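Let's take a walk through this one together, starting with the overall layout and then moving in to single residues. Keep the 3D view open as you read.

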Amino acid sequence: MHHTEAVSYWIRMGGIYSQNAFDTRLHLLAEGLQGRLRDGALVRASRIVADPREAAGAYPQIERFLSEFTAALTPEARALLLL
């Protein structure tokens with residue numbers, strides 16, 4: 001079954017936030033070649049939409065959810081996901 005999702009996510013590797021998959025892989029490669037293993041986090045939120053044309057309208061809802069989610073985190077959890 002095929003469905004469409006509006007997806008927002010962020011990736012944290014060590015102290016950086018990647019803007020795209022290529023940058024993430026390049027950073028991981030560079031760190032690995034230096035023998036460094038960094039902690040990281042992937043945060044993903046999505047909403048299934050009935051019609052692909054509705055995806056753009058789903059992003060404000062996802063952003064509100066992520067804002068409320070991060071506001072509700074404990075300081076320790078916030079530090080883990082957001083630094």
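**From fold to side chains**

Follow the chain along its sequence and you get the pattern β-β-α-β-α-α. That comes to three helices and three strands. Keep in mind that what you're looking at is a predicted model.

Start with the overall dimensions. The C-alpha trace spans about 45 × 30 × 20 Å along its principal axes. For 83 residues, a compact globule would have a radius of gyration near 12 Å, but this protein has 16 Å. Buried residues make up 29% of the 83. As for the surface, the protein exposes about 6,200 Å², and carbon and sulfur atoms supply 59% of that. The contacts reach across the sequence too: take those with a separation of 6 or more, and 71% of them are between residues 24 or more positions apart.

Now for the strands. To find your way along it, look for tyrosine 9, whose bridge partner in E3 is arginine 44. E1 and E2 form a hairpin with two residues between them. Glycine 14 sits in that turn, with a positive phi of about 65°. E1 is mostly covered, by the way: seven of its 10 residues are buried.

What does the largest nonpolar core consist of? It has 12 residues: Ala6, Trp10, Ala41, Val43, Ala45, Val49, Ala55, Ala58, Ile62, Leu66, Leu73 and Leu81. Strand E1 (4–13), strand E3 (40–49) and H2 are the elements that give two or more residues to this core. In soluble globular proteins, nonpolar side chains tend to be buried together. Leu73 and Leu81 are both on the core list, and leucine 73 is in contact with Leu81 as well as Arg78, leaving aside its neighbours within four places in sequence.

Helix H2, residues 55–72, has something else to show. How many aromatic pairs does the model have? The count comes to one. The pair is phenylalanine 65 and phenylalanine 69, and it counts as stacked because the ring planes lie at 15°, with the centres 6.0 Å apart; the cut-off for stacking is under 30 degrees. Both residues lie in H2, four residues apart, or about one turn of the helix.

Terms used: Residues are numbered from 1 along each chain as its sequence is written. This is a predicted model: local features need pLDDT of at least 70, side-chain atom pairs count only at pLDDT 80 or more; totals for chains, interfaces and linings use all residues. Side-chain values use heavy atoms; hydrogens and water are left out. A nonpolar core is a set of buried Ala, Val, Leu, Ile, Met, Phe, Trp, Tyr and Cys residues joined through side-chain atoms within 4.5 Å. Buried means under 20% relative accessible area, exposed over 50%, partly exposed in between (1.4 Å probe, protein chains only). Contact means heavy atoms within 4.5 Å. Rings of Phe, Tyr and Trp (its six-membered ring) pair if their centres lie within 6.5 Å; planes under 30 degrees apart count as stacked, over 60 as edge-to-face and the rest as tilted. The radius of gyration is taken over C-alpha atoms; the globule rule is 2.2 Å times the number of residues to the power 0.38. Accessible areas come from the Shrake-Rupley method with a 1.4 Å probe; for residues, only the protein chains shown count as cover. Two strands pair if DSSP finds at least two bridges between them.
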